[in-house]
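This briefing is meant to be read beside the sequence and the model.

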Amino acid sequence: MDCIFCQIASGKIPSDIIYQDEELIAFRDIKPQAPVHLIIIPRKHIPSLDQLSQADSSLIGRMIAIANQLAKGEGIADKGYRLAINSGEEGGQLVPHLHLHLLGGRRLSGTLG
Ligand code: 5GP
Ligand code: ZN
């Protein structure tokens, strides 16, 4: 599997991992778009949000819960932050492994696209 995020999850590609458990892993984005920019992924290779099955719906709930916890840890929970999932080409998804962006630490743009 030559998926970048699978390789980060397995430790084959080094990254600044700030959280991991048996199901999820979170690391700092290599090209941060805000002072805090974390990526939260499932270890399981799910190509995109579009391919999330009903059985995986609890996984996405956990991804959001962990993102909220990490926002507190990063000290941005009170001021506010943004969670984003890009899906597919027109949605701006570049890495084909489901991931949640956690952005914060500055006032974010008022537009979403
Ligand atoms: P997408 O556009 O697919 O929603 O976001 C992919 C994100 O992954 C981008 O923000 C990009 O900077 C980040 N990224 C791509 N390759 C790597 C990598 O090898 N390491 C880390 N830490 N982030 C990466
Ligand atoms: Zn993958």
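In β3, Leu38 is the bridge partner of Arg28, and this pair belongs to the antiparallel pairing of β2 with β3, which extends over five bridges. The model is a predicted one, in which local features need pLDDT of at least 70 and side-chain atom pairs count only at pLDDT 80 or more, while totals for chains, interfaces and linings use all residues. Residues are numbered from 1 along each chain as its sequence is written, chains are lettered from A and ligands numbered from 1 in the order in which they are written, and side-chain values use heavy atoms, with hydrogens and water left out.

**Strands and their pairing**

- The chain contains two helices and five strands, where helices (H or I, at least four residues) and strands (E, at least two) are DSSP runs numbered from the N terminus, and their order along the sequence is α-β-β-β-α-β-β.
- β1 and β2 run antiparallel and are joined by three bridges, strands being counted as paired if DSSP finds at least two bridges between them; Tyr19 has Ala26 in β2 as its bridge partner.
- Because four of its five residues are buried, β2 is largely enclosed by the rest of the structure; buried means under 20% relative accessible area, exposed over 50%, and partly exposed in between, with a 1.4 Å probe and protein chains only.

**The chain as a whole**

- Buried residues make up 37% of the 113 residues of the chain.
- Of the contacts in the chain with a separation of 6 or more, 56% are between residues 24 or more positions apart, a contact being heavy atoms within 4.5 Å.
- The C-alpha atoms fill a box of roughly 35 × 30 × 25 Å along the principal axes.

- Glu22 lies in the loop between β1 (17–20) and β2 (24–28) and is exposed, with a relative accessible area of 68%.
- Leaving aside neighbours within four places in sequence, Glu22 is in contact with Arg43 and Arg62, and its C-alpha is 9.2 Å from that of Pro42, a residue 20 positions apart from Glu22 in sequence.
- Asp56, in the loop between β3 (36–42) and α2 (57–73), is buried with a relative accessible area of 10%, and Asp56 touches Lys44 and Ile46 when residues up to four places away in sequence are not counted.
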